[in-house]
Amino acid sequence: MTIDWRPTADIETLRDRARLIAEVRAFFAERGVWEVETPVLGHGGSTDLHLVSLSCEATTPAGRERLWLQTSPEFHMKRLLAAGSGPIFQVARSFRDGEVGGRHNLEFSMLEWYRPGLDLDGLITETDALIRRVLSSDPGSLRRRRYRELFRESLELDPFHEPLEALRRLATERGGLDMAAACRDDCLDLLISLVIEPRLGRGGIDVVVDYPASQAALARRHRDPEDGEWVASRFEVYLDGLELANGYDELTDAEEQRARFKEDNAARRVEGLPEVEADERLLVALEAGMPAGSGVALGLDRLLQLALDKDRVAEVMAFSTPRA
Amino acid sequence: MANYSTNEFKGGLKVMLDGDPCAILENDYVKPGKGQAFNRVKLRNLMTGRVWERTFKSGESLEGADVLELDMEYLYTDGDMWYFMLNDGSFEQYPVERKALGETEKWLKEQVVYTVTLWNDNVINVTPPNFIELEVTETDPGLKGDTAQGGSKPATMSSGAVVRVPLFINEGEVLKVDTRTGEYVSRA
């Protein structure tokens, strides 16, 4: 067998990549958002039920310790915000175990930025502007889509009120797998992944808002004006069926954050997954006070994939994991 | 057999699904922004040849299938069964039913090596080589001088397959045929 030593992206593409990343840096410089670098290895991992953190053992001033490869630079960047950084961005190498496929790679570049004092609408506008700056052609207009609306249109059901049994039946039927014992969020995740996502971002940029409160992660929650149902104050951006970015009206309440970490670990126990120690330094930073504002994480490789008209993220990476 | 988790599903892996042995063709990882990840998997049912598309929760696993693919030489048929022999020097013979033979029946030629799929030691499939050389046993007489023009006619081959051939081909000629498409390639 011959060993393929060459990059997974051609040199021309890698030059384009460098040029577009310079464009991203210029975009933030013009807006007074400064670039930071935070650790790839940290003492805290992600408690998120659906993320698998990688870890390693290393010698530190405290001796031999287990350190976690960060799934995103979020916790460290929030600590900078609490320390008074003001608006910051980062192109951060992030690691997520088990994420393998055409639109995933074990390690990838997350473009993450935070805007103290800016609301979610302001951040959606800025995210849209950044995407347009990187793309070479006009992706079409920005459309704001409510999570509930998408389910009503595509599946004729209200994701918040449809009886769980009916959701399980539908998920089983659409997915061709047994979802008879699945929870509500897993059913909704399956349906949005298989039925709704592939249709999003066609002929325009779709921004999905008002997710179920149970899917808030590190975002605040607010009442849906329609019927007072709690929803998550977060958005996701889709283009060409690809999820590009995930933005939050950031949770700044330390107690609420602590409770969510606990909920995550409780859910992990139920699923038989190992618990992940909550990042105490983040919690203490929130107690010290993080300014209210919004933040967004954007899959830079995916945006470059679209900008450079490629089919897989590997085609815009120097060496994807199988060749690393 | 061992169990394989979705992140071990690679093209060619053989697993059991709904009681049938299947070969993984494609495995696509899908994950909503924040939430449960799934794998959309395409598999070929090795019993029926049909392609199935199934979704699994990432991390779920399937039992491996005891499937072997072996090179075997075709020997003969007694009308009931078709007999193949391992070409590893062991001379071990395997009888094959018509059902397992399927479409391959019309591409059988003695001493040619086929890929035989065994599941729990039973033959479930026989795949012919991509190209095979067969003699024309029946076709309309060849048209002289028509070597350049298009046009084709049916020809029955020694194995029973009927192949569209150029008009200049005669009975008794040996032709190279693509068994995947059933198309004439060239004179052998």
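Predicted model: local features only at pLDDT ≥ 70, side-chain atom pairs only at ≥ 80, totals over all residues.
Which strand of chain B holds Asn125(B)? Here is a friendly walk through this and a few other features.

1. A word on the model. Residues are numbered from 1 along each chain as its sequence is written, while chains are lettered from A and ligands numbered from 1 in the order in which they are written.

2. Asn125(B) sits in strand β11 (residues 122–127) of chain B; helices (H or I, at least four residues) and strands (E, at least two) are DSSP runs, numbered from the N terminus. Asn125(B) is buried, with 24 other C-beta atoms within 10 Å. Here a residue is buried if 20 or more other C-beta atoms lie within 10 Å of its own, exposed if 12 or fewer, and partly exposed in between, with C-beta atoms placed from the backbone. Beyond its neighbours within four places in sequence, Asn125(B) is in contact with Leu46(B), Ala100(B) and Thr117(B), where contact is two C-beta atoms, placed from the backbone, within 7 Å. Thr115(B) is 10 residues away along the chain, and its C-alpha atom is separated from that of Asn125(B) by 8.2 Å.

3. Chain B overall. One helix and 16 strands make up the secondary structure of chain B. Its radius of gyration is 21 Å, well over the 16 Å that the globule rule gives for 188 residues, so chain B is more spread out than a compact globule. That radius is taken over C-alpha atoms, and the rule is 2.2 Å times the number of residues to the power 0.38. The C-alpha trace of chain B spans about 70 × 45 × 25 Å along its principal axes. Of the 188 residues in chain B, 32% are buried.

4. Where the chains meet. In chain B, 16 residues are in contact with 23 residues of chain A. Strands β3 (20–30) and β5 (51–57) of chain B each supply at least two residues of the side that touches chain A. That side of chain B has six nonpolar, six polar and four charged residues. In this count Ala, Val, Leu, Ile, Met, Phe, Trp, Tyr, Cys and Pro are nonpolar, Asp, Glu, Lys and Arg charged, and the others, Gly among them, polar.

5. A helix pair in chain A. How do the axes of α7 (residues 254–270) and α8 (residues 280–288) of chain A cross, and at roughly what angle? They come within 8 Å and cross at roughly 160°, which makes α7(A) roughly antiparallel to α8(A). Axes are lines fitted to C-alpha atoms, for helices over the stretch in contact, and angles run from 0 to 180 degrees between N-to-C directions; angles over 145 count as roughly antiparallel, under 35 as roughly parallel, 65 to 115 as roughly perpendicular and the rest as oblique. Ala254(A), Gln257(A) and Arg258(A) of α7(A) make the contact with Leu283(A), Leu286(A) and Glu287(A) of α8(A).

6. Two positive phi values. Glu156(A), in the loop between α4 (147–155) and α5 (164–175) of chain A, has a phi near 55° and is exposed, with 9 other C-beta atoms within 10 Å. Asp18(B), in the loop between β2 (14–17) and β3 of chain B, has a phi near 50°. Asp18(B) is exposed too, with 8 other C-beta atoms within 10 Å.
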